[in-house]
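Here are my notes for anyone opening this one for the first time. Keep the viewer open and go through the points in order.

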Amino acid sequence: MRVLEPLIELARGLWTTLRMMFEKPVTVQYPEQKKPVMPRFRGRHILHRYENGLEKCIGCSLCAAACPADAIFVESSENTDEKRFSPGERYASTYEINMLRCIYCGFCEDACPTEAITLGDQYELSFTDRRQAIYPKEMLIEPVPTGGQPTPQKTEPGVYTRSVPEMKDPKD
Ligand code: SF4
Ligand code: SF4
């Protein structure tokens, strides 16, 4: 009986291999195939625009103040109606996130008064140099929506006086 034991175990192992050959594979052929992320996944940040192309970020630095990892650097400048980037007085002339510091906690998202920054579904972040890990505004801001204008825009005086829009039902 003891002689048969290894053969039985071998047969069980082979049976498992044979059975798995006919099951649906669970592996994903990344990077050709990408698995969709969960709805509340927090990936690389996106800076948003309004439908007309103006930037939602008003350079207030609340996200930088809320960031526990000191990963965000914001420098603001004045808007004018001749050269307007965002509604209200100021816009972010420099906006940088150090992705090596970020812990993807989402505090920046929560702190933002204009819903300008969200953490998206982009998870492919790789660098070969520490400086490459600092993502500037140009990399973070979303493209101009269809029908919108790129920034800076020339706008009518007295139209964009509010930095923070009236929000009846702010998103979670
Ligand atoms: S997700 Fe958290 S750590 Fe990353 S930039 Fe935002 S507040 Fe900072
Ligand atoms: S992303 Fe939001 S919180 Fe951060 S500077 Fe811009 S408006 Fe302020």
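Which residues come nearest to ligand 1? Take that as the starting point, and bear in mind throughout that this is a predicted model.

1. **Around ligand 1.** The residues that come nearest are Cys 67, Cys 102, Cys 105, Phe 107 and Cys 108, out of 14 residues around ligand 1. Sort that shell by class and you get 13 nonpolar residues, one polar residue and no charged ones.

2. **Around ligand 2.** Now move over to ligand 2, which is surrounded by 14 residues. Here the closest are Cys 57, Cys 60, Leu 62, Cys 63 and Cys 112. By class, the shell around ligand 2 holds 11 nonpolar and three polar residues, and no charged ones.

3. **Overall layout.** Zoom out and you'll find four helices and five strands in the protein. Reading from the N terminus, the elements go α-β-α-β-β-α-β-β-α. Helix H1 covers 4-21 and strand E1 covers 45-47, with a loop between them. Another loop connects E1 to helix H2 (62-66). Further on, helix H3 (107-111) and strand E4 (117-119) also have a loop between them.

4. **Overall dimensions.** Along the principal axes, the C-alpha atoms fill a box of roughly 95 × 35 × 30 Å. Buried residues make up 19% of the 172. As for contacts with a separation of 6 or more, 76% of them link residues 24 or more positions apart.

5. **The sheet.** Three strands make an open sheet, in the order E2-E3-E5, with antiparallel pairing. Strands E2 (72-78) and E5 (134-136) are at the edges with a single partner strand each, so one side of each has no neighbour in the sheet. From one strand to the next, the twist averages 20°.

6. **How the strands are joined.** How many bridges join E2 to E3? There are seven, and the two strands run antiparallel, with E3 made up of residues 90-98. To follow the pairing by eye, find Val 74, whose bridge partner in E3 is Tyr 95. Then find Glu 78, whose partner in E3 is Arg 90. E3 and E5 are also antiparallel, paired over three bridges. One pair to look for there is Asn 98 with Ile 134 of E5.

7. **Two cis peptide bonds.** The one from Tyr 30 to Pro 31 is cis, with omega near 10°. Pro 31 belongs to the loop between H1 and E1. The bond from Thr 151 to Pro 152 is cis too, with omega near 5°. Pro 152 is in the segment after H4.

8. **Two positive phi values.** Which residue in the loop between E1 and H2 deserves a look? That would be Ser 61, which is not a glycine but has a positive phi, near 70°. It counts as partly exposed because it has 18 C-beta neighbours inside 10 Å, and a residue needs 20 or more to be buried. Glu 115, in the loop between H3 and E4, has a positive phi of about 55° without being a glycine. Glu 115 is partly exposed as well, having 14 other C-beta atoms within 10 Å.

9. **The segment after H4.** Last stop: Gly 158, located after helix H4 (137-140). Is Gly 158 buried or exposed? It counts as exposed, because there are 7 C-beta neighbours inside 10 Å, and the cut-off for exposed is 12 or fewer. Gly 158 and Asp 81 are 77 residues apart along the chain, yet their C-alpha atoms are separated by 8.5 Å.

How values were computed
Residues numbered from 1 in each chain as written. Chains lettered and ligands numbered in written order. Predicted model: local features only at pLDDT ≥ 70, side-chain atom pairs only at ≥ 80, totals over all residues. Pairing = 2+ DSSP bridges. Axes fitted to C-alpha atoms, helices over the stretch in contact; angles between N-to-C directions. Near = placed C-beta within 6 Å. Nonpolar A, V, L, I, M, F, W, Y, C, P; charged D, E, K, R; others polar. Contact = placed C-beta atoms within 7 Å.
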